[in-house]
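Subject: A structure to look through

Hi,

Here is the structure I promised to pass on to you. Have a look at it first, and then read on for my notes.

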Amino acid sequence: MLDVALKLLQKIEDNGYVAYIVGGFVRDYILKMPSSDIDICTNATPSEIRFLFSHSCLPNETYGSITVVFKNIRFEITTFRRELSYLNNRKPVKFEYIDNLLEDLKRRDFTINAICMDKEGNIIDLLNGKEDLKRREICTIGDSYHKFTEDSLRILRAVRFATILNFRLSDDIKQSIRNTKYLVRNLSYYRKKEELNKIFASVNVRYGIKLLLELELDQELELPNLKKIKNFDDLIGIWSQLEVDSLYPFMKNEKEIMGQIRKVLKLDNLDCNVLYHYGLYVNSIAASMKNIDKKIVTQKYNALPIKSRNEIVMNGEDISKLLNKKPGLFLKEILTDIENQIVVGSLKNDKDSLTEYILQHYR
Ligand code: ATP
Ligand code: MG
């Protein structure tokens, strides 16, 4: 990934511009952590970048940022800029392109996100980000109160980076969050959920939640249950405990699963019927919330005679033939009955046993 990125920088520079890798990739590279995408900053304008990479630019240009696919890797290329005004404490609505790396770095959020790498792989650290990486502390670039009022998403980004990297938040950041946290309410639920997902999916999720509570962000995020979370194993499990299914955006199937988890919490996760009807995933999450060993749940689940109705060796058609009746509603009743008997182990799932049972009870 890095080799390809350096080649891309070279190509931009061969055309008379300057370009650097910046942001998450350089931060993660120094920390020897894996990184998912590479951000590049340059003094070439978006149209100049489009001209250089005409065959490989994706059409989605947002705020003068262009996505280029170079040797199968996606790069986010952003022109050096100064941001002039923000809308609703969030979106930079007015900016101008500039020809100055330092100025571009100053508009960014945290010192650790403003370290660059040049085309030879040298680290360029104009705002002492490396020092903060070493001290394991998140610090804003310049005045934190100003940074957070400009764009309140940075409040959640601060907690997200602290969580994922297991870093402290500077005292200054903590103080400013206390004074600006009300602005978090204005962020879209979609954005808030994106940041929260990254916090909840981190191995350091407990620390992340502790920070959110300490900074009283649970109130601004409208998550009254945050202090009551019992299980941190699974993202959707955490959301199910927060009970904000209709406030935050979720897909239909996610809502279904969250509802099921809450239902199953009140039931016995080692009961065959519960295991069968709600499946292993929902039961495992509910079980670990109740401190029941997940392994036992998995063993019990694997020992179920069937996992779904279509594993029953006789289907509706076989039953109609057996009873010599045209298919109808009665089949549903019989199938549900034998399904329940098989699941609890009172009826064997083989043709002879089922035939005998059906003839005895339904002829
Ligand atoms: P990751 O990609 O690992 O989530 P990242 O630091 O690369 O983390 P991105 O959202 O990809 O974050 O943004 C790239 C860079 O752009 C950041 O490192 C930071 O320098 C800058 N940036 C992103 N969002 C903001 C923001 N809201 N305010 C100021 N600077 C930002
Ligand atoms: Mg990034």
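**What I found**

S65 sits in strand β3 (residues 65-70); helices (H or I, at least four residues) and strands (E, at least two) are DSSP runs, numbered from the N terminus. Before going further, please note that this is a predicted model, in which local features need pLDDT of at least 70 and side-chain atom pairs count only at pLDDT 80 or more, while totals for chains, interfaces and linings use all residues. Residues are numbered from 1 along each chain as its sequence is written, chains are lettered from A and ligands numbered from 1 in the order in which they are written, and side-chain values use heavy atoms, with hydrogens and water left out.

Back to S65: its relative accessible area is 8%, which makes it buried (buried means under 20% relative accessible area, exposed over 50%, partly exposed in between, with a 1.4 Å probe and protein chains only). The side chains of S65 and T78 are joined by a polar contact of 2.8 Å. Such a contact is a pair of N or O atoms within 3.5 Å; within protein, one must be able to donate a hydrogen and the other to accept it, and residues adjacent in sequence count only if both atoms are side-chain atoms.

**Charged pairs**

Side chains of opposite charge can pair when their charged atoms come close. The whole structure has 25 salt bridges, each being a side-chain nitrogen of Lys or Arg within 4 Å of a carboxyl oxygen of Asp or Glu.

One of them joins the side chains of R107 and E83, at 3.4 Å from N to O. R107 belongs to the loop between α4 (101-106) and β7 (116-117) and E83 to strand β5 (residues 81-87), so this pair ties together parts that are 24 residues apart in sequence. R107 is buried at 17% relative accessibility, and E83 is buried at 16%.

Another salt bridge links E216 and K181, at 3.3 Å from N to O. Here E216 is in the loop between α10 (205-214) and α11 (217-220) and K181 in the loop between α8 (171-180) and α9 (189-200), so parts 35 residues apart in sequence are tied together. E216 is partly exposed at 38%, whereas K181 is buried at 12%.

E137 and R135 also meet in a salt bridge of 3.4 Å, N to O; E137 is buried at 12% and R135 partly exposed at 36%. There is a network too, in which salt bridges link R82, E96, E103 and K106.

**Aromatic rings**

You will find eight aromatic pairs. Rings of Phe, Tyr and Trp (its six-membered ring) pair if their centres lie within 6.5 Å; planes under 30 degrees apart count as stacked, over 60 as edge-to-face and the rest as tilted.

F25 and Y29 make a stacked pair, with 6.4 Å from centre to centre and 20 degrees between the planes. These two are four residues apart in helix α2 (residues 24-30), which means that about one helical turn separates them. F25 is buried at 8% relative accessibility, while Y29 is partly exposed at 42%.

The pair of W239 and Y248 is tilted, because its ring centres are 5.3 Å apart and its planes are at 45 degrees. W239 is buried at 1%, and Y248 is buried at 2%. Ring pairs also join W239 and Y248 with Y189, F200 and F250 in a cluster.

Two rings have a charge over the face, meaning that NZ of Lys or CZ of Arg is within 6 Å of the ring centre and within 35 degrees of the ring normal. K192 lies over Y189, at 4.1 Å from the ring centre, and R81 lies over F95, at 4.4 Å.

**Two backbone spots**

Most residues other than glycine have a negative phi. K32 is not a glycine, yet its phi is positive, at about 55 degrees. K32 is in the loop between α2 and β2 (38-42) and is exposed, with a relative accessible area of 76%. N166, also not a glycine, has a positive phi of about 60 degrees. N166 lies in the loop between α7 (153-165) and β10 (168-169) and is partly exposed at 39%.

Enjoy exploring!
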